[in-house]
Amino acid sequence: MSERTLLVTGGAGFIGSNFILQIAEQHPDWRIVNLDSLTYAGNLENLTQVEGSPNYTFVHGDICKEEDVERAFESCAGGGDVAVVHFAAESHVDRSILSGMPFVETNVKGTQVLLDSSRAKGVERFVHVSTDEVYGSLGATGLFHEGTPLAPNSPYSASKTASDLLVRAAHKTHGFPGLITRCSNNYGPYQFPEKLIPLLIANASEDKAIPVYGDGMQVRDWLYVRDHCEAILRVLTDGKDGEVYNIGGNNEYPNIEIVKMVLSILGKPESLITYVKDRPGHDRRYAIDASKIRDQLGWEPRHSFEQALPLTVRWYQSQDVWLQRVRSGEYRDYYQRQYGS
Ligand code: NAD
Ligand code: TYD
């Protein structure tokens with residue numbers, strides 16, 4: 001493999017940090033530049049394993065600011081071809097319901113700023129990491145495929161849809177080498193405990209109530225984060241410019257079943273389950289047809305839910321210091337201590 005640098009945005013978040021750790025393991029000769037503004041969701045403590053490596057550089061900056069993106073590209077200089085893997089986003093549906101503007105700012109404006117700079121720099125590839133939520137909600141049957149009409153229902157998914165269309169437009173208008181991935185719900189290490197699975201592990205471990213929205217019968221298609229990262233890498237290396245690739249686990253469960261499974265792994269009682277008011281506009285079911293990436297790029301998930309869910313629960317149990325520092329907010333001091341100002 002020729003010399004290569006990956007400019008990863010949002011690499012201090014859940015999926016981005018897993019991706020960086022995986023690349024550092026599988027391609028130790030690749031350089032990684034991580035551009036992250038460290039919102040509440042960015043945690044540099046996820047990346048202590050690569051910190052100090054000569055092939056890893058952290059750039060504290062905002063994708064909405066051209067000068068910050070420019071600094072990140074400067075850090076890529078001299079490292080061969082540059083490819084961008086774009087994770088940075090506001091990612092939590094519930095927060096987008098409370099306030100949509102940060103989602104428009106980062107997900108829409110930030111993506112356009114990044115696209116413009118990436119085009120000016122002549123990047124080799126640009127993988128835009130998106131979500132199945134752009135397709136809206138399914139009924140009891142059917143699957144999302146790449147041609148399913150876009151019909152987002154939350155400010156989060158609407159802003160991700162807009163960003164997908166900006167990547168598409170850059171390709172159609174300028175021949176820009178953009179590719180889009182749309183993945184289902186991820187689970188695994190380093191997920192911020194506002195999302196269902198880590199929240200439920202954290203609460204149950206402390207015998208706190210587990211909030212289940214509505215009737216708990218909303219269905220999600222769960223994929224282990226390492227499988228998602230493998231799929232992104234496959235799209236980066238073998239995908240075709242301008243294409244969209246759905247990524248999914250073929251692993252559908254209603255929320256209430258997930259909650260019961262995790263409680264059972266933890267040996268905690270179902271009496272912790274507390275039904276609460278439903279999320280407004282709550283999508284009923286997501287399910288992915290991932291046959292395109294399987295048939296064209298040879299990707300399939302390698303982890304079964306039966307294997308990776310207990311693994312994930314055990315990871316959070318073994319990382320009680322990480323979890324406690326996230327929950328108390330102490331993780332936010334790390335950048336200051338490690339990098340100064
Ligand atoms: P996350 O919220 O855990 O992490 C987001 C990261 O982006 C954080 O490190 C944050 O500091 C950074 N960031 C936010 N705004 C920024 C800005 N303006 N400039 C620079 N950095 C900024 O998100 P995640 O769950 O890791 O998701 C990563 C990507 O994958 C997102 O684009 C999301 O839409 C997509 N996705 C997530 C899932 C999932 O289940 N989590 C599923 C499919 C797709
Ligand atoms: P979440 O992890 O927020 O992901 P998304 O909304 O992007 O799918 O939520 C997953 C599902 O779990 C979703 O249907 C909402 C539900 N949920 C709860 O029932 N209780 C909770 O406390 C949370 C955070 C989510």
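I take helix axes as lines fitted to C-alpha atoms over the stretch in contact, with angles running from 0 to 180 degrees between N-to-C directions. I work on a predicted model, where local features need pLDDT of at least 70, side-chain atom pairs count only at pLDDT 80 or more, and totals for chains, interfaces and linings use all residues. Residues are numbered from 1 along each chain as its sequence is written, chains are lettered from A and ligands numbered from 1 in the order in which they are written, and side-chain values use heavy atoms, with hydrogens and water left out.

**Entry 1: helix 6 and its partners**

I count helices (H or I, at least four residues) and strands (E, at least two) as DSSP runs, numbered from the N terminus. I looked up helix 6, residues 196-205, against helix 8, residues 255-266. Their axes lie 10 Å apart, and the packing angle is about 40°. That angle makes helix 6 oblique to helix 8. I sort angles this way: under 35 degrees is roughly parallel, over 145 roughly antiparallel, 65 to 115 roughly perpendicular, and the rest oblique. Helix 6 passes helix 8 in a right-handed crossing. I call a crossing left-handed if the near helix is turned anticlockwise from the far one by less than a right angle, and right-handed if clockwise.

Next I checked helix 10, residues 305-318. Helix 6 packs against helix 10 at about 55°, with the axes 10 Å apart. So helix 6 is oblique to helix 10 as well. The crossing of helix 6 and helix 10 is right-handed.

**Entry 2: ligand 2**

Which elements give two or more residues to the shell around ligand 2? I started with the contacts. I count 17 residues around ligand 2 (a heavy atom within 4 Å). The closest are Glu-133, Pro-211, Arg-220, Arg-279 and His-282.

I then listed polar contacts (pairs of N or O atoms within 3.5 Å; within protein, one must be able to donate a hydrogen and the other to accept it, and residues adjacent in sequence count only if both atoms are side-chain atoms). An oxygen atom of ligand 2 is 2.8 Å from a side-chain N or O atom of Arg-220. For Asn-255 I read 2.9 Å to an oxygen atom of ligand 2. For His-282 I read 2.7 Å.

Ligand 2 exposes 520 Å² when taken alone, and the protein buries 96% of that. These areas come from the Shrake-Rupley method with a 1.4 Å probe; for residues, only the protein chains shown count as cover. Helix 6 and strand 8 (210-213) are the elements that give two or more residues to this shell. Strand 8 gives the most, three residues.

**Entry 3: ligand 1**

I found 28 residues around ligand 1. The closest are Ile-15, Asp-36, Ser-91, Tyr-156 and Lys-160. A nitrogen atom of ligand 1 is 3.0 Å from a side-chain N or O atom of Thr-106. An oxygen atom of ligand 1 is 2.6 Å from such an atom in Tyr-156. For Lys-160 I also read 2.6 Å to an oxygen atom of ligand 1. The protein covers 96% of the 840 Å² of accessible area that ligand 1 has on its own.

Helix 1 (14-26), strand 5 (125-131) and helix 5 (155-174) each supply at least two shell residues. Strand 5 has the largest share, three residues.

**Entry 4: helix 1 again**

Helix 1 packs against helix 7, residues 225-238, at about 65°, with axes 9 Å apart. That makes helix 1 roughly perpendicular to helix 7. Their crossing is right-handed.
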